[in-house]
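Visitor: Could you walk me through this one? I'd like to start with helices and then turn to pockets.

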Amino acid sequence: MPLQDIKTRISAAETAAGRRPGSTTLIAVSKVQPLERVQAVLEQGQRCFGENRVQEAAGKWPDFREKFDDIDLHLIGPLQTNKARQAVDLCQSIHTLDRPKLAKTLARLAQESGNCPDIFIQVNTGEEPQKAGVLPGDADSFVAECLALDLPVRGLMCIPPVQEEPALHFALLAKIARRNGLDGLSMGMSSDFETAIALGATHVRVGSAIFGERTPAPAA
Ligand SMILES: *Cc1c(COP(=O)(O)O)cnc(C)c1O
């Protein structure tokens, strides 16, 4: 059972790193997966899930919430400002805050509704032009800006460049978090979550290792 295997590997990685058992949250990344696979993982007791598109999340999670209690939904993909309200209504955490305009919008929505998802700031540790996230050199001032807006900033998130050693990026993210007094580290995916745990990940985002390979949307 892939879910149980991943949980076992997470526990082993925590132990190997001398970390407290259960100190890593497993986010099961259900984007693009057939609903019956997601349902099967819910039936195995998993409640924490990640989606990368608001629209797609809005299409499936309200129905699952009618059937399963305590679903904890994390938005891990880019968030357009005009979808922020929907994201705030739907998700308990947003991992991809990366610009002042979105920070201000989230702060305003939080004030209006008296409620705000937990926030992770995405850092573009590889400084890749096509990738979202604040640059490492801008991270400290952006964290301060978000805290000044009273946003509940829990930590930082990164997606390392595919062709590079992820450990370097995880270590950089941990260093930036530490100097900003942030505890949360959203890092590590199917291929590298054990490395991420060794370097302090509090949230790992694992998709294909739990659900199987993602087939493109129109596939049979
Ligand atoms: C899809 C995705 C994941 C999960 O990737 P896998 O390799 O399937 O584990 C993790 N994080 C983000 C931001 C993603 O978009």
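This is a predicted model: local features need pLDDT of at least 70, side-chain atom pairs count only at pLDDT 80 or more; totals for chains, interfaces and linings use all residues.

Visitor: Where is the kink in α3?

Guide: The kink, of about 30°, lies at Trp61, shortly before Pro62; the bend is the angle between axes fitted to the seven residues ending there and the seven starting there. Helices here are DSSP runs of H or I with at least four residues, and strands are E runs of at least two, numbered from the N terminus.

Visitor: And which residues of α3 are buried?

Guide: Val54, Ala57, Lys60, Trp61 and Phe64 are buried, meaning under 20% relative accessible area with a 1.4 Å probe and protein chains only. These buried residues pack against α2, β2, β3 and α4.

Visitor: What about α5, what covers its buried residues?

Guide: The cover includes α4, β4, β5 and α6, and the buried residues themselves are Leu102, Ala103, Thr105, Leu106, Ala107, Leu109 and Ala110. Just after α5, Gly114 takes a positive phi of about 70°.

Visitor: Switching topic, how many residues line the largest pocket?

Guide: It is lined by 25 residues, with Lys31, Ile159, Met189, Arg205 and Arg214 nearest its centre. A pocket is an open set of points on a 1 Å grid over the protein atoms alone, where a 1.4 Å probe fits, with protein on both sides within 12 Å along at least five of seven lines, and lining residues have an atom within 4 Å of a point.

Definitions and conventions:
Residues are numbered from 1 along each chain as its sequence is written. Side-chain values use heavy atoms; hydrogens and water are left out. Buried means under 20% relative accessible area, exposed over 50%, partly exposed in between (1.4 Å probe, protein chains only). Contact means heavy atoms within 4.5 Å.
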